[in-house]
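Hi there,

Here is the structure I promised to pass on to you. Have a look at it first, and then read my notes below.

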Amino acid sequence: MFLLFTTALLLEKSILVLALFTVTLGVAAYATLAERKVAAAMQDRVGPNRTGPFGLLQPIADGVKFFMKEDFMPNSAERWLYILAPGAFMFVACMTSAVIPWGTELTLFGRPVALQVADLNIGILYILGFTSLGVYGVMVGGWASNNKYSLYSAIRASAQMISYELAMGLALIAVVMLTGTLSLREMAEQQAGLNWNVWYQPLGFLIFFVCALAECNRAPFDMAECETELIGGYHTEYSSMKLGFFLFAEYINMFIACAVIAVVYFGGYNFPGLDPSWLGGLMGLVVMLAKTFFFIFVFMWIRWTLPRFRYDQLMQLGWKTLVPLAMVNMLLTGTFVLVFES
Amino acid sequence: MQSLTNRSKVVVNKEMSFGERLYLPAVFQGMWITLKHFVRALIKGPNTVRYPEEKRSFAPIWRGWHVLKRDEEGRERCTACGLCAVACPAEAITMVAAERQQGEEHLYREEKYAAVYEINMLRCIFCGLCEEACPKEAIFLTDRIVPADYVRQNFIFGKELLVEGIEPDKRIDVSKRQKHLTEKQAPPA
């Protein structure tokens, strides 16, 4: 009996992991197309429309192109680290999706299947931990390329990511104090209906959002790959699918970051009037994905609106504005929690 | 110095107000603008022309690939007087004159003609001064684009590329350009 149960669980989780992996890759692939389409619309252009209807096959064409390109490695590169870096970046990007609750429960073959790979009781710490590992991919890649621009960019990126993680963590602590849990599922459950965390933590959300942009290396904080100054940044020396991995992992990061924003601040799979258990549990998934896609759109919207920060401005914003603000936010939240709970 | 247009702005490196230092109002302002463009593009479609399928029409007075006209009977109008070459500011035109022989009356309208007539399309600036200089209405600029090429030599267009065909369907219509030129050269009323 125990063996049967374990086998079933193993099977269920494997399928879930596979499905999540596929969906993540699919979303990341189509995010590249969406990015170009959004950019085009914002600039009154058309965007890619040659590959299939509305350019829908563009991500596949891009993928094929990446595979067909020459895989060039500079002579002076640190061979193994050079190969390892894109893989590590991709791996870390994919790992973060494990703790995100995509919906409540599906009932399949008479057994409830939680739409979450692992309901860790330290979900938020897990995500913070893995996002901070993400800097290794950039750092190692930039360093192993043995190119001064790559190195500059890697140093910038790591400094930026480390600086903004601080404010990000501080903003999240306020949410944790409010909800009293580190588990993302419990957090999502607490925000039933319209009882979303963002109403209690508007400042915290703003800080978290800005930090998420910086963590994902997205404009206006795309210091790591400013084309104009650093000729592409840490992936200057990369070509073929290795470059593809770097670019792809960034889109996965964006997807995950948006999912985390949706779960932590915008009620996850909850939406007033739409019970997440409808359609056999699919409703929650739909709501969750809709929120995630909305934030992905906002990320793109910001990218095609705001110019890049200068490096010192970036550091100033991170250390002199966001960190103190996050601390104030933490202090205020703590006071409120103390006053209202006693 | 006095400003003539009143459009110049004096750059002031003034201290930013608190609202400006917040940066957020400016962010939202910018995002509002891009959103307007986004929505507009979704509803009304983009401003661009889908090029290979859709082509924008040329201006009726477009100045492109030159043509050496023939007259109604199919005789070349050019008499190799060289006024176009003199007028050309880019020194793009050269020609060699020759005398019309017996039996060539159906080919050349006057006793003298251009045996060689070359325009270097890399030198030409398509200003149209050759048309204005021509006393015989022989040379005109048309709305055809000079095609790209890999070899410089191929940009020197000789008579085979410049003179229009004799057959009526190979004649090149320059009436719009001609009308423009007459209007331009008409004495002010």
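**What I found**

Chain A has twelve helices and two strands. Please keep in mind that this is a predicted model. If you follow chain A from the N terminus, its elements come in the order α-α-α-β-β-α-α-α-α-α-α-α-α-α. The radius of gyration of chain A is 21 Å, close to the 20 Å that the globule rule gives for 342 residues, so chain A is as compact as a globular protein of that length.

Now for the inside of chain A. Of its 342 residues, 44% are buried. Take the contacts in chain A between residues at least 6 apart in sequence: 78% of these join residues at least 24 apart.

How do the two chains meet? Nine residues of chain A are in contact with twelve residues of chain B. On the chain A side, the residues that touch chain B are six nonpolar, one polar and two charged.

B:G82 sits in the loop between strand 1 (66-68) and helix 3 (83-87) of that chain. Is B:G82 buried, exposed or partly exposed? With 14 other C-beta atoms within 10 Å, B:G82 is partly exposed.

Enjoy exploring!

Conventions:
Residues are numbered from 1 along each chain as its sequence is written. Chains are lettered from A and ligands numbered from 1 in the order in which they are written. This is a predicted model: local features need pLDDT of at least 70, side-chain atom pairs count only at pLDDT 80 or more; totals for chains, interfaces and linings use all residues. Helices (H or I, at least four residues) and strands (E, at least two) are DSSP runs, numbered from the N terminus. A residue is buried if 20 or more other C-beta atoms lie within 10 Å of its own, exposed if 12 or fewer, and partly exposed in between; C-beta atoms are placed from the backbone. Two residues are in contact if their C-beta atoms, placed from the backbone, lie within 7 Å. Ala, Val, Leu, Ile, Met, Phe, Trp, Tyr, Cys and Pro count as nonpolar, Asp, Glu, Lys and Arg as charged, and the others, Gly among them, as polar. The radius of gyration is taken over C-alpha atoms; the globule rule is 2.2 Å times the number of residues to the power 0.38.
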